[in-house]
Amino acid sequence: MAYDERLARFRQAHLNPFNKAPEQQQEHPDGETPTPARRPDPSPGDPEGTLDLGLAEDHFSRPVGLILASDVQQLRQAIEECKRAILALPEHSERQKDAVVRLIHLRLKLQELKDPDEDEPNIRVVLEHRFYKEKSKSVKQMCDKCSTIIWGLIQTWYTCTGCYYRCHSKCLPLVSKACVRAKVSHQAEYQLSICPESGLDSQDYRCAECRAPVSLRGVPSEARQCDYTGLYYCSSCHWNDLAVVPARAIHNWDFEPRKVSRCSMRYLALMVSRPVLKLREINPLLFNYVEELVEIRKLRQDILLMKPYFITCKEAMEARLLLQLQDRQHFVENDEMYSLQDLIDIEAGRLSCSLTEIHTLFAKHIKLDCERCQAKGFVCELCKEGDVLFPFDSHTSVCTDCSAVFHRDCYYDNSTTCPKCARLSLRKQSLFQDSGTEAEP
């Protein structure tokens, strides 16, 4: 083969792949060269073609740094095509049900990306960010896109209402990082490995976010490690912000702020109050070494025992006592889940004081202020002495079967069964005997 012909084939295969023949012809066993079969184009009314056009294509992806003005138009077109597909598909079929689900997802996405200029002229939507035009002129901020100062007196700037991403108005069309709040909504969980470093070579010596070349020598750009993700970032994506790392707090009870990237800093800020940490599964030994955690767990268990009193008490509902814990709603739902802010406040000693005050307020209402709640107390049936008992008292024990309350010493010293359980068992036997007697002729 001549050199020129080989060079031409090399260029055809490697340098300009878009000029290749549509399909290579293959020899037929009989020596004939058949025409390559092409798939027919779907007709406008064909459900298969409609679904491919409206759903198989990813309308939500875009090149980094590129904002397409026709995203909303594409979504609207996909919705219309999906509607036609639903009407064309057999009724009550699985494919029609899948198409309906996809139509719902497309409409939700359109609602998120819909341009709010008509209703809210100061709002711009970019990559799920909802940028609000700032009116403050005296505050000096840094642009998260170009890493320069925003001069409020002479420059227009925007802030995302979801993740607080700030940028100049001129940098708004160049934003390439999606809103972190969307990640928090879809994937609310922490990285629980302490600084899981994998090395610059695994990142191809590029920034983990913007893919700019980085190096530990600072040429062409300094590589800065994020203590939360363990990845390396350039100086534009890593400003040496400090944040408490959840993995260090859970495994080492270490709350010293560490250097994290801008993206990690925003993610941790949005996640700090979300109760997603189940300490008993992640690090159960932590309760053996941190006394404050044991105290907080006991207070939370008592509050859960107080909750039934409040839900059935008219005065407690009018006083809205449970709203004392509105900032920590998970405390009235379970005693296992913690947020990172809970752990930070426990380590600082703030949570123990505030929760003790709330616990005292709740107990005062049940045992002193409200007669209805007092009437729901218990008398120890083993000794039949002492004051009225409540399940959240420190000197009581609760039967696991019937929830009756006894003095702790009486409950463990008595080897017989629970009196209330025995009484209920006798009642069931008598009812069974009576029903059997009535059934006899």
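Colleague: In which handedness of crossing does α10 pass α13?

Modeller: This is a predicted model, in which local features need pLDDT of at least 70 and side-chain atom pairs count only at pLDDT 80 or more, while totals for chains, interfaces and linings use all residues. Residues are numbered from 1 along each chain as its sequence is written, and side-chain values use heavy atoms, leaving out hydrogens and water. A crossing is left-handed if the near helix is turned anticlockwise from the far one by less than a right angle, and right-handed if clockwise. The crossing in which α10 passes α13 is left-handed.

Colleague: Are α10 and α13 roughly parallel or roughly antiparallel to each other?

Modeller: Helices are DSSP runs of H or I with at least four residues, strands are E runs of at least two, and both are numbered from the N terminus. The axes, lines fitted to C-alpha atoms over the stretch in contact, with angles from 0 to 180 degrees between N-to-C directions, come within 10 Å for α10 (residues 291-311) and α13 (residues 350-369) and cross at roughly 30°. Angles under 35 degrees count as roughly parallel, over 145 as roughly antiparallel, 65 to 115 as roughly perpendicular and the rest as oblique. The two helices, α10 and α13, are therefore roughly parallel.

Colleague: Is Gln203 buried or exposed?

Modeller: Gln203 sits in the loop between α5 (180-186) and β7 (224-225). Buried means under 20% relative accessible area, exposed over 50% and partly exposed in between, using a 1.4 Å probe and protein chains only. Because its relative accessible area is 5%, Gln203 is buried.

Colleague: Which residue's backbone nitrogen lies 2.9 Å from a polar atom of the side chain of Gln203?

Modeller: Setting aside residues up to four places away in sequence, Gln203 touches Ala208, Arg211, Leu231 and Tyr232, where contact means heavy atoms within 4.5 Å. The backbone nitrogen that lies 2.9 Å from a polar atom of the Gln203 side chain belongs to Tyr232.

Colleague: How far apart in space are Trp239 and Asp144, C-alpha to C-alpha?

Modeller: Trp239 belongs to the loop between β8 (232-233) and β9 (241-243), and it counts as partly exposed, because its relative accessibility is 21%. Apart from neighbours within four places in sequence, its contacts are Met142, Cys143, Asp144, Ser147, Arg224 and Arg262. Although Trp239 and Asp144 are 95 residues apart in sequence, their C-alpha to C-alpha distance is 9.7 Å.

Technical notes: A polar contact is a pair of N or O atoms within 3.5 Å; within protein, one must be able to donate a hydrogen and the other to accept it, and residues adjacent in sequence count only if both atoms are side-chain atoms.
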